[in-house]
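Visitor: Hi! I'm new to this one, could you walk me through it?

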Amino acid sequence: MGMNSIHVVFAEEEHAKFADEICRLIYESALQRGTGIAKRSPEYIASKITGGKAVVAVDGGRLVGFSYIECWEHGDYVATSGLIVSPEYRHMGLAARIKEKTFELARRRFPYAKIFSITTSLPVMKLNSRLGYVPVTFSELTDDETFWKGCEGCCNYDILQRNHRRMCLCTGMLYDPKRPRAEHSRLAPYRMALRNWLKKVFSLKTK
């Protein structure tokens, strides 16, 4: 096992066979981190793969990482989601390679779209910041009801509802191709993580 043997590529139809395993990895990753994540079915994941909207990392014939994109509001917004890495392949820089490839896919397929991500993960916030994402309020993200309906499978969905979809434990991050790229701040992800922690404390007190 080594980084040289791992290939991070745009997913093709042959990779749809990994859909069940991807769903398992997404679920187990959420349990391990103790954070919420919207559940996805194997059929949903397979549709992203066959539709040319996913990235896979493979080591030989084995799946070791995954991410996908989804478009909203007729392609005006694109979300990157479902970033996972097999446990034994973590801490090798693989998540960064997958995230960068997913960002490349989004920019290729939807060059004028705003690309967004909602996450509670500090590593993902760091990766997003390096790519030019900035933290935003949920009001700057898509209004598409189908996207927000996808949050119903998350264990924190009640927090999103109680706050009338203005905030949750996730941080919203946005890349706007029309906005001048701000200078990257290494402290920004930590400030976002602290805000998430404060939101969690507040939500527990108000339950």
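Visitor: Where do Glu21 and Arg24 lie, and how many residues apart are they?
Guide: Both lie in helix α1 (residues 19–33), 3 residues apart, about one turn of the helix. Helices here are DSSP runs of H or I with at least four residues, strands are runs of E with at least two, and both are numbered from the N terminus.

Visitor: What should I know about the model before we go on?
Guide: This is a predicted model, where local features need pLDDT of at least 70 and side-chain atom pairs count only at pLDDT 80 or more, while totals for chains, interfaces and linings use all residues. Residues are numbered from 1 along each chain as its sequence is written, and side-chain values use heavy atoms, with hydrogens and water left out.

Visitor: Thanks. How do the side chains of Glu21 and Arg24 meet?
Guide: They meet in a salt bridge, at 3.8 Å from N to O. A salt bridge here is a side-chain nitrogen of Lys or Arg within 4 Å of a carboxyl oxygen of Asp or Glu.

Visitor: How many salt bridges are in the whole structure?
Guide: The search finds 10. Another one of them joins Lys53 and Glu70, at 3.7 Å from N to O. That pair links distant parts of the chain: Lys53 is in the loop between α2 and β2 (54–59), Glu70 is in strand β3 (residues 62–72), and they are 17 residues apart.

Visitor: Is Lys53 buried or exposed?
Guide: Lys53 is buried, with a relative accessible area of 16%. Glu70 is buried as well, at 11%. Buried means under 20% relative accessible area, exposed means over 50%, and partly exposed is in between (1.4 Å probe, protein chains only).

Visitor: And what about Arg162 and Asp158, how do their side chains meet?
Guide: Also in a salt bridge, at 2.9 Å from N to O. Arg162 and Asp158 are 4 residues apart in helix α6 (residues 157–162), so about one helical turn separates them. Arg162 is partly exposed at 36% relative accessible area, and Asp158 is partly exposed at 30%.

Visitor: New topic: which residues are buried in helix α2?
Guide: In α2 (residues 42–50), the buried ones are Ile45, Ala46, Lys48 and Ile49. Seen down the axis of α2, they fall within an arc of 155°, so they line one face of the helix. That arc is taken from the directions from the helix axis to the C-beta atoms.

Visitor: What follows α2?
Guide: Gly52 does, and its phi is positive, near 70°.

Visitor: What is the order of the strands in the sheet?
Guide: The open sheet has 7 strands in the order β1-β2-β3-β4-β5-β7-β6, with mixed pairing. Its edge strands, each pairing on one side only, are β1 (6–10) and β6 (134–136). Two strands pair if DSSP finds at least two bridges between them.

Visitor: How many bridges join β4 to β5?
Guide: There are 3 between β4 (residues 77–85) and β5 (residues 114–119), and the two strands run parallel. Tyr77, for instance, has Lys114 in β5 as its bridge partner.

Visitor: Which strands does α2 lie across?
Guide: α2 lies across β2 and β3, running at about 80° to β3. Helix α4 (residues 122–131) also packs on the sheet, touching β4, β5 and β7 (171–175), and its direction makes about 20° with that of β7. Contact means heavy atoms within 4.5 Å. Axes are lines fitted to C-alpha atoms, for helices over the stretch in contact, and angles run from 0 to 180 degrees between N-to-C directions.
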